[in-house]
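Visitor: Could we take a close look at one part of this model, the places where the ligands are held?

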Amino acid sequence: MKKVVFFTDENKIGEAFNNFNLKGFTHKKIPFKLHMGEKDNKYFPKTKTVKKVVTILKERKIKPYLFDTTVMYQGQRHTKKGYYELLKIHGFSKKNIGCDVVIDDKGIPVKIDGRDYEVAENLYKSSHIFAFSHVKGHNATGFGGTIKNFGMGGVTKETKHKMHHGSRPMFQKDKCTYCGVCAEICPFNAITVKENNWNQNIDKCFGCGVCVENCINQALSHKDADIQFVLACSAKTCLQNKNVIYFNDVNRIARGCDCDPEAGPVICPDIGYLVSDDPVAIDKASLDLIYDIKPNVFEKYNHVNPKKQIMHAENIGLGSSKYELIKV
Ligand code: SF4
Ligand code: SF4
């Protein structure tokens, strides 16, 4: 059965929400999951839009609180203290937005497909969740929307590290033609290929898996699994058996993620906002709307096919990629 995705502009977000039965969400404290931007990133969600959505939810007697987790890499969001300091600069405060803001890194173990994940306690313990996902590019997954918001952003930094680590390349000498493609496209300059020598600087490798995806000779394979697969599984650990309303902000579509201080340039004009109760349908609709204007733009900039995360998510039962788009 086709899922419904509502497509709207800034003025009709409330009308789009009216298509959902929000009764179960009322009078409850609901985590409002969003990425509030890394230091120096210019494209993260606008406080004005977040405030608008929070206000719409509060008008419907819902008690949202902004929620995010800490990150694995060394940056301001690596610790709760650092993230809270950054939020003051980015304007995500109770005074500005109208609700509490919580950063936490406690996790609850959940197993999927034989792998262990640690879901953020705030998400795990809540029967209802509101998802605010900014759609943009990403150097490991091609693009990031709802699946990425939860698959990476809804789990502890130990789980984030495990997913990246498992996507690092294993090298098979007898299959390598020393073409140099992997070295050329590695976003972290972690590979060098000279004559008949292939070398990897493990300290520079971020585990994005882009080199594996682009080696046509199968000389590289993932240490554990493709990050787009584990990301879909990880998103499922956060979202399974929950009541969730998904909101995708398909604007300021930069090449890189909101966690990247150098995420530019913007690679597609602003599109609008999508609302759905299906995490896969909303990401597929976001991607389709972008590709209608800029075909394969994420492959062009990030050398990764972003449809893989949607396909994996659908295969593991997270949602449906078949949808009907309704303009509000
Ligand atoms: S892309 Fe593959 S074949 Fe080419 S140098 Fe890298 S590992 Fe070797
Ligand atoms: S996994 Fe990513 S960072 Fe690591 S070597 Fe491959 S392309 Fe470079």
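Visitor: In which cavity does ligand 2 sit?

Guide: Quick housekeeping: this is a predicted model, where local features need pLDDT of at least 70, side-chain atom pairs count only at pLDDT 80 or more, and totals for chains, interfaces and linings use all residues. Residues are numbered from 1 along each chain as its sequence is written, chains are lettered from A and ligands numbered from 1 in the order in which they are written, and side-chain values use heavy atoms, leaving out hydrogens and water.

Now, ligand 2 sits in the second largest cavity (a set of points on a 1 Å grid over the protein atoms alone where a 1.4 Å probe fits but cannot get out; to sit there, more than half of the ligand's atoms must lie within 2 Å of its grid points). Around ligand 2 you'll find 13 residues (a heavy atom within 4 Å). C186, C205, C208, G209 and C211 are the closest of them. Sort that shell by class and you get ten nonpolar residues, three polar and no charged ones (Cys counts as nonpolar and Gly as polar, while Asp, Glu, Lys and Arg are the charged ones).

Then there's ligand 1, which sits in the largest cavity. Its surroundings run from C176, T177, Y178, C179, G180 and C182 to W198, and then on to C215, N217, A219 and L220. By class, eight of the residues in the shell around ligand 1 are nonpolar and three are polar, with no charged residues.

Technical notes:
1 Å grid on protein atoms, 1.4 Å probe; cavity = no way out; pocket = protein on both sides within 12 Å on 5 of 7 lines; lining within 4 Å.
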